[in-house]
Number of protein chains: 4
Amino acid sequence: MLRAGIINVTGYAGVELARILARHPEAEISTVTGRSSAGKNLGEIFPHLSELDLTITEDLAESVDVLFSALPHAAGAKKLTSMLDDGVKVIDMSADFRLKNSSEYKEWYGIDHPCPEYLDEAVYGLTELNRNMVSSARLVANPGCYPTASILALAPAIQAGIVKPDIVVDAKSGVSGAGRGKYPFADTNENLMAYSVTGHRHMPEIKQELNKLDDSVDLNITFLTHLVPMNRGLLASCYAPINDEKVSGSDINSQISTIYEDFYGKEPFVEISDFPPMTKNTLGTNNCMILPVVDLRSKRLIVVSCIDNLIKGAAGQAIQNMNLMFGLPEDMGLNGLALYP
Amino acid sequence: MLRAGIINVTGYAGVELARILARHPEAEISTVTGRSSAGKNLGEIFPHLSELDLTITEDLAESVDVLFSALPHAAGAKKLTSMLDDGVKVIDMSADFRLKNSSEYKEWYGIDHPCPEYLDEAVYGLTELNRNMVSSARLVANPGCYPTASILALAPAIQAGIVKPDIVVDAKSGVSGAGRGKYPFADTNENLMAYSVTGHRHMPEIKQELNKLDDSVDLNITFLTHLVPMNRGLLASCYAPINDEKVSGSDINSQISTIYEDFYGKEPFVEISDFPPMTKNTLGTNNCMILPVVDLRSKRLIVVSCIDNLIKGAAGQAIQNMNLMFGLPEDMGLNGLALYP
Amino acid sequence: MLRAGIINVTGYAGVELARILARHPEAEISTVTGRSSAGKNLGEIFPHLSELDLTITEDLAESVDVLFSALPHAAGAKKLTSMLDDGVKVIDMSADFRLKNSSEYKEWYGIDHPCPEYLDEAVYGLTELNRNMVSSARLVANPGCYPTASILALAPAIQAGIVKPDIVVDAKSGVSGAGRGKYPFADTNENLMAYSVTGHRHMPEIKQELNKLDDSVDLNITFLTHLVPMNRGLLASCYAPINDEKVSGSDINSQISTIYEDFYGKEPFVEISDFPPMTKNTLGTNNCMILPVVDLRSKRLIVVSCIDNLIKGAAGQAIQNMNLMFGLPEDMGLNGLALYP
Amino acid sequence: MLRAGIINVTGYAGVELARILARHPEAEISTVTGRSSAGKNLGEIFPHLSELDLTITEDLAESVDVLFSALPHAAGAKKLTSMLDDGVKVIDMSADFRLKNSSEYKEWYGIDHPCPEYLDEAVYGLTELNRNMVSSARLVANPGCYPTASILALAPAIQAGIVKPDIVVDAKSGVSGAGRGKYPFADTNENLMAYSVTGHRHMPEIKQELNKLDDSVDLNITFLTHLVPMNRGLLASCYAPINDEKVSGSDINSQISTIYEDFYGKEPFVEISDFPPMTKNTLGTNNCMILPVVDLRSKRLIVVSCIDNLIKGAAGQAIQNMNLMFGLPEDMGLNGLALYP
């Protein structure tokens, strides 16, 4: 059994890691940390996890094979990298190791990168696009929830060159994506808002990873985020003009479907849909559902993609990466069906 | 007192008309019709309207000065136009008289227009843009909820020529916009979806009205709609590339704010916001809040606009139009503050 | 025009007071206070109130005729009573002056009463039961939201003696009743819980006021509160065994309806319903809807009552009391219809 | 592998059966039926079940070992009982075989029982109370969602005689309990209502089963149901006067906790809680959480219990019963942790 540790277990991503790992056939949770809750039993704060009978400690209390960090950016970077030399494999849910360019990190996060010497080694853990590198990685940067849905939506189109690089991503997330406790119920319920209108930190991840698929183009991406009054679920609506040198004609939609299905054909967690996917179709799962469709009047490709932001957008993808890093079947512990309704 | 009639009062737009007219100082509801509910008292179906003590009839039971129709498209057109000759002023909430081009009507609604001879006379009742024509109209086509938010968001930019005509409108609506009874609770709650992905009927309205503001350009609009798990509220996020021959430089945002504020300066129901507006800020009101902001990296203008879909997007705007048509103060009966939270 | 002040305007009850007073024909808001927000414009925090253009100050900035306090218990009592001698009429939304017995106050609130010498003078502002006393009061203790619904539900039955004094009140409230910011969205949405299971502070108010209607019985009340994932709305389900010496027979339900209708016959804000009322029927209004019905099998009276917790349960009732205290029509500023859906 | 059939798979209980059976190690779904959806693939209606690749047929298309019926009452009874003679074990989710007394069935369901000769044989499938009988049953009547939570809450108290038989059960359910499609979103969201105020069909089940635990008392139960704007979750608040001949004194709460813990000590799916349980703690699980607590002032026992109405209140308990009927571990396929938040 793999011994796993979770740093900052008390956030939503942390408890979701604990929930999934608790039923993982080849992993067990050895130690969990938290700051303000140190000393408490995890079940006191989250009764649904009381059977785990884990005490939250300030620091790691046991040695581990794999370490998940659910700390905010910058807070854990140095500690995590110090564990690598002890042979621990690290999956960091924060943004620290996602961007390859440390000046870009500084631009978006406002501070110097705490350990830029690890940026080369870190693998961006969007599993479907970087599977081989994840498999051999010591340090995986788990993608943000928005980038996961957005990159998966656009990757086949970018790689195939069927769109021009003028992209709009209009993304909408349930409230758990904002972290625990940030949005009060009554102000958030029956409300819909855009936020980070002058730029969201997840944009450079999207650009970086899409550029890897076609570095010949200069992607011009407008990325806007919205908060939707629901707990879980993230939907990205992506728009780009069709490149009619690559796809055209009356069967353009089926050409594009084929491109998407070929790109993701064998993926266990990506499904190309032929109807508009809803977030609820992915609730509680590690799945991403994607519908590409051409707006024939405006000659734009629309791609709608859906995930559960806490699973494929956070804890589930982290465990998918763990499975690869330790040679386990990629979907181990992650094969649940969506909870409906 | 104006005597008002409401055809098909039992839909959400109909009951909202009744609610607002019940407190209007210069109007009274004379007669309300419904199909399956004919014979019942309005208060049996909607207890909050029981003080009105109105019996729902199959046909209009009293003569009226102004008639609001909340029927679906095509269902009421001939009846409505026949009333015009009796001196009744008509405000139609359906799509029948919105599009000037009857072949476009056929393309989107799938039937021949029932009375195309009235299309010239009908006035598109987006009050802020067509105030003078509304004032003297006999027949007003009340705009759709999505076009109201989208056109108000984009009009200043189109008229000023500050954007290129490649527009994406990503619109999100609360569930009441879909009409009464269409979406069951448990399937819709905790769910987010795109719909009408191959084209939504509100798009041609948006294009028609924006083109009036600058007929020199060929607007290329992609319009996608989403259903959000809340009762009321509609938010449109609009994207278009900046035309840097018109606006540029480090103060581009303030240039654009000035353009927007000048365009709407004296409007009682439009507010240019300097923070991201939320739908809740407009809940229960006839207001539209608009934030224009440039994404400096991608050189696109983003405009976010919010309304209460049943008020500014339906019943409130209809009464705003009625006020104008009868020489009353435009905001009479419509000056409530938002219900928060 | 009455000059009104609001202490602690930034809570939900405070903003609701501001919203209603802003449209009150005979009152204007002169001054509003807040603690952490002092120095800001009210519209910065609550955009829907920006037209009021009020600056939040730490202390009252203007002299007033009527003062509303939305502070928590004990925080404002001394200050409020000191204003009375300056001729200011005070309506306190806190619990400080609700209980007549200072030792009961200590039992439930855990502290000595800050100014027990005013308990005799203070009038419990459940308007329908204490109208005359409110009219001549200087100091009104505005009832809690739960007691408002519960007492109105049970008062006719207690006064008529048609139930035995073994009462269960199972009350359910929307989240705004808990105050601003206490419950995070994702933990509260899709969740239902009981709370204060060992006793809720609103119970002694209920008992005190019901006992006034029949001091010959020793009321034995079990009162349990629940949090429901919605913004506004409060529903109390009340249960008591029928006293069959007073009502019996096959028309018992109509006998009881008559008792309830006689009790509340002329009240502008209380409606005896003949169907199960829903909180949405009262949304945005100062109304209370009540259904009394006998469970014939178990011989218990069930009374279901509904209010909007922020209006009849807080700000609306406060303004209803203000109207009485200043000789204005009781429903002035409060005659809106419910917002549906 | 057990071959399972699901009759009327397209209701919420039916899809939940399919979801859980799809991951059950010892069962597989052989055939599913539906009425209006016959001929479609299950995945067309419920995309989250598309991997099952099951065609919905009008009648059972394969022979089965176990048959789950999710039809409404009376609709399937004759068909189900006819299968028993073919050696099929039947678990009926409807009310048909729950009440032992056919005249009580007629009183509550308004029709003569379609096959009263099976009432004796049928076992009421509240697993924890009837485990042995379930194990050897051919025909199990799966309990209603409300009775499951209510009976589990009250059983220890009734058996121990610690309460007097004057019971109030105030129960609240999420909307999925009402079946698919009954409640439209906008009318139901932000709304709370009582329903079936003159008597709910689940009451006689509660009385019948509780009476088995102590047939010396005449239980007088008032049972009222409420609809809460959330998808899943059911909470029952139960009230009964303490019998102080059995429990009393300052440690009464710990005496009662002990009685409850002894009663349910080894149950895999019942947890006695020492804090007020929330429905979210049971979301997606087969668990029931119960808090007994005495209101010392009114000398009443309050018991709060929570379940996921579609799992322990329907599909999960049905599979728990199936496991017993076929000698499998009782918790097989049912050991998931709650989805939080």
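**Exercise 1. Work out which residues of helix α1(A) are buried, and what covers them.**

Step 1: go along the helix. Y12(A), A13(A), G14(A), V15(A), E16(A), L17(A), A18(A), R19(A), I20(A) and L21(A) are buried in α1(A). Here a residue is buried if 20 or more other C-beta atoms lie within 10 Å of its own, exposed if 12 or fewer, and partly exposed in between, with C-beta atoms placed from the backbone. Helices (H or I, at least four residues) and strands (E, at least two) are DSSP runs, numbered from the N terminus.

Step 2: Ten of the ten residues of α1 (residues 12-21) of chain A are buried, and the helix is mostly covered.

Step 3: look for the cover. From chain A it includes β1 (2-7), β2 (27-33), α2 (42-45), β4 (66-69) and α10 (311-325), together with α7 (185-188) of chain C. Two residues are in contact if their C-beta atoms, placed from the backbone, lie within 7 Å.

A word on the model before you go on: it is predicted, local features need pLDDT of at least 70, side-chain atom pairs count only at pLDDT 80 or more, and totals for chains, interfaces and linings use all residues. Residues are numbered from 1 along each chain as its sequence is written, while chains are lettered from A and ligands numbered from 1 in the order in which they are written.

**Exercise 2. Describe the domains of chain A and the contact between them.**

Step 1: take the contact apart. Domain 1 of chain A gives 20 residues and domain 2 of chain A gives 25. On the domain 1 side, α4 (102-109) and α10 of chain A are the elements that give two or more residues, and the largest share, six residues, comes from α10(A).

Step 2: sort the domain 1 side by class. There are ten nonpolar, five polar and five charged residues (Ala, Val, Leu, Ile, Met, Phe, Trp, Tyr, Cys and Pro count as nonpolar, Asp, Glu, Lys and Arg as charged, and the others, Gly among them, as polar).

**Exercise 3. Find how α6 packs against α9 in chain A and against α10 in chain B.**

Step 1: begin with chain A. The axes of α6 (residues 145-160) and α9 (residues 252-264) come within 9 Å and cross at roughly 105 degrees. Axes are lines fitted to C-alpha atoms, for helices over the stretch in contact, and angles run from 0 to 180 degrees between N-to-C directions. α6(A) and α9(A) are therefore roughly perpendicular to each other (angles under 35 degrees count as roughly parallel, over 145 as roughly antiparallel, 65 to 115 as roughly perpendicular and the rest as oblique).

Step 2: name the partners. A155(A), P156(A), Q159(A) and A160(A) of α6(A) meet I259(A), Y260(A) and F263(A) of α9(A). By class, this contact has six nonpolar, one polar and no charged residues.

Step 3: turn to chain B. Helices α6(B) and α10(B) pack at an angle of about 100 degrees, with their axes 8 Å apart, and are therefore roughly perpendicular to each other. C145(B), T148(B) and A149(B) meet K312(B), G313(B), A314(B) and Q317(B), which gives three nonpolar, three polar and one charged residues.

Notes. Domains from an automatic or database assignment.
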